[in-house]
Amino acid sequence: MTRGMTLTFTLAIGFFYLPILVLALFSFNASSLMAFPLSGFTLSWYADLFGNAAFLHGFLTSFLISQPVGILAALIGLLAALALSSPRLAYRGVFIFLIVLPFLVPKTVLSIAQAMLMNWVGLGRGPGALIAAQTLIAIPFATTIIAATVIRLDKRLEDAARDLGATPWQTFRRVVLPQLKGAIGAAYSIGVILSLADLTISMFLAGRTQPLSLIVASQFRRELKPDLNAMQVVVLLLTALIVVASEVYRRSRARHRNTFAGPEDHA
Amino acid sequence: MRLTLHRAHLALPVALVLILGCLLPLLLLIAFSVFTVDMDAFEMVPDFSLANWAQMLTNPVFAFLIGKAVLSGLITALIAAVLGYPLALSIANLPIAWKGIAQILLLTPLYTGEIVRIYAWRVVLGSEGLINAVLEGLGLVDEPVKLLLFSPFTTHLVLLYNTLPFMVLPIWISAELIDRRLIEAARDLGARPFEAFTRVVFPLTIPGLGVGLLAVFALSAGDMLTPSMLGGTSGATPMAMIDNLFGTAFDWPLASVLALSLLITLFATASSIGFLLLRFKGARAVLQGGLK
C-alpha cells in the first residue's frame with residue numbers, strides 16, 4: 001500500500017471519529033460547561049443518567065420499538081432477496097423501484113404523507129405506525145444485505161437436494177436457510193440500528209410515544225448538558241456491541257458455510 | 001422447477017407492503033394537492049381546485065427552496081465523490097485481514113443516531129468547541145470563528161459526514177470486482193500507472209460511482225434536520241416548509257403540492273445523473289456484463 005493511501009485512510013478515520021471522541025471526552029469532564037480546556041475527570045454524568053427516569057423510559061421505548069423493526073425488516077428483506085434471485089420474477093424493474101423507493105424519497109416527505117394517509121383513514125399514530133414506517137425505511141438496506149449473499153449461493157446444492165427427493169420447503173429449510181443465517185442476522189441488526197438512529201420518522205408518527213431520540217431532540221433545543229453526552233456514549237457503545245456481535249456471528253456462519261460448501265469456495 | 005416459481009411469488013407480499021406503506025401515501029398527495037382548505041372550519045375539503053398548483057408556479061419562494069435543496073444535494077454528492085473515490089480505492093488495496101475492520105470503521109457514523117451526529121458536531125464546532133480551542137491555542141485566531149457553526153459550511157460538512165459511507169461503499173465494491181489481470185495486462189502493454197488507472201480502473205468503477213452519487217444526492221437533498229439544526233439562518237429547506245404547512249398551518253393541499261414538486265424535481269435530477277453516467281462506455285460494459 002502506498003503512503004498516499006495510508007494517509008487517505010487515516011484522515012478518513014479521523015474525520016469519522018472526531019465528533020464521537022469529543023462526545024466521549026466531555027462525558028468524563030468535570031464541568032457542566034462544554035468548553036476547553038477540560039477541567040478534570042468525573043463519572044457523575046453517568047451516575048446522573050441512571051437517576052433520570054425520562055431517559056431510562058425513552059431508552060426502553062426505543063429498544064422495544066427497534067426489536068420488531070429488526071425482525072420485520074429481516075423477514076421482508078429475505079422474501080425480497082429470494083424473489084430477486086429468481087429468474088422468473090416478472091416486472092423486475094418495477095419491483096426494484098418499489099424496494100429502493102423508501103431510500104430515495106426524503107424521509108420527511110414520506111413520513112408526512114404517511115401521517116396524512118393515516119389521519120385521513122382515521123388510524124391513530126403511535127408505536128404501531130412507528131414500527132411500520134421504520135420497517136419500510138429499513139427494507140432497502142435489509143434486502144441489499146441478504147441479496148448480496150443469495151446471489152453467491154451455489155445453486156448445485158439446491159439441485160442436489162431436489163435430486164435426492166427433498167420438497168421445495170425442505171430444500172429451503174435444510175439447504176438455503178442455513179447458508180443465509182449470517183446475512184439475516186446482519187439485516188436484523190441494520191433494522192434495529194436504523195430504528196434506534198431515527199428521529200425524523202418519530203417526529204411525525206410517534207404520537208404520544210416518546211422514543212429516546214425525541215427526548216434528546218427536545219432537550220437539545222433548550223440547552224446542552226453533559227449528561228446528554230454520557231447518554232450518547234452509552235447508546236453508541238450499545239450500538240457498537242450490536243454491530244460487532246452481528247459481524248462476529250456473520251463470520252462464524254461464513255466459516256461454517258465454507259466448510260459445508262467444499263473447497264471451491266476458498267478458490 | 002416449482003421452487004423457482006415459488007420464489008418469484010415471494011415478491012408479491014413485499015410489493016404489497018411497499019405499495020400500501022410507501023406508494024399509496026405518495027399517490028394520495030396527488031389527490032390532496034387539488035383539494036381546498038375551508039379556512040373557517042380549518043379543514044380540508046375535496047373541492048377541486050388548481051389554485052395550489054398555481055401558487056406553486058407563481059410564488060418564487062417555493063422554486064427557490066427546491067432549487068436550493070437540489071443544489072445542496074449536487075454539491076454534497078460532488079464533494080463526496082472527490083473525497084470518497086480515493087478513500088474507496090485505498091480500502092480496496094488494504095490487506096484482506098484489514099478490510100472487515102475498515103468496513104466497521106467506515107459504517108460507524110451511520111450507526112450513530114441522527115440527533116447524536118448533529119449534537120456531536122455542535123460540540124465540535126461551537127465557539128468553545130474543539131476546533132476553535134485548537135485554533136486559538138495555536139494562536140491562529142484571536143476570537144472564536146463563528147462561521148464554523150450555523151452556516152452553510154456546517155450544513156455541508158455534516159451532510160458530507162452523514163453520506164460519505166454511501167459513496168465509498170459502492171465504489172469500493174466495484175473496485176473489488178475488477179479483474180486484477182486487466183491492470184497487469186495494461187501495464188505489460190506499456191501503460192504508465194496513471195494511464196492504467198484512467199483507461200482501466202476508472203471506467204470500470206463508474207457504476208459504483210454512479211450509485212454513490214445517486215445515494216448521496218438523494219440523502220443530502222432530502223435532509224431536513226441537519227440544515228435546520230445546524231445551518232442557522234441558511235437552514236431553510238422545502239422539507240421544513242412542508243412540515244410547517246402540514247403541522248402548523250394545516251394547509252395540507254399546499255403541503256402536498258410542494259412535496260410533489262420536490263419529488264418530481266429530485267427524480268428528474270437523479271435520472272439526469274444516471275443518464276449522463278450511462279454515456280460512459282465502461283459503465284455500459286459493466287452493466288451489460290452484469291445482465292448476462
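Trainee: How many helices and strands does chain A have?

Mentor: This is a predicted model, to begin with. Chain A has 11 helices and 0 strands.

Trainee: And what box do the C-alpha atoms of chain A fill?

Mentor: Roughly 70 × 60 × 35 Å, taken along the principal axes.

Trainee: What share of chain A counts as buried?

Mentor: 43% of its 267 residues. As for contacts in chain A with a separation of 6 or more, 81% of them come from residues 24 or more positions apart.

Trainee: OK, packing. At what angle do α7 and α8 of chain A pack?

Mentor: About 145°, with the axes 10 Å apart. Helix α7(A) covers residues 155-163 and α8(A) covers residues 168-197. The crossing is right-handed.

Trainee: Which residues make that contact?

Mentor: From α7(A), L157(A), E158(A), A161(A) and R162(A); from α8(A), T171(A), R174(A), V175(A) and V176(A). By class, that's 4 nonpolar, 1 polar and 3 charged.

Trainee: Switching to chain B: how do the axes of α5 and α8 cross there?

Mentor: At roughly 140°, and they come within 8 Å. Because of that angle, α5(B) counts as oblique to α8(B). Here the crossing is left-handed.

Trainee: Which residues make the contact in this case?

Mentor: α5(B) brings L106(B), L107(B), P109(B) and L110(B), while α8(B) brings Y161(B), N162(B), P165(B) and V168(B).

Trainee: And how does that contact split by class?

Mentor: The α5(B) and α8(B) contact has 7 nonpolar residues, 1 polar and no charged ones.

Definitions and conventions. Residues numbered from 1 in each chain as written. Chains lettered and ligands numbered in written order. Predicted model: local features only at pLDDT ≥ 70, side-chain atom pairs only at ≥ 80, totals over all residues. Axes fitted to C-alpha atoms, helices over the stretch in contact; angles between N-to-C directions. Helix = DSSP H or I, 4+ residues; strand = E, 2+ residues; numbered from the N terminus. Left-handed = near helix turned anticlockwise from the far one by under 90°. Contact = placed C-beta atoms within 7 Å. Nonpolar A, V, L, I, M, F, W, Y, C, P; charged D, E, K, R; others polar. Buried ≥ 20, exposed ≤ 12 C-beta atoms within 10 Å, placed from the backbone. Parallel < 35°, antiparallel > 145°, perpendicular 65-115°, else oblique.
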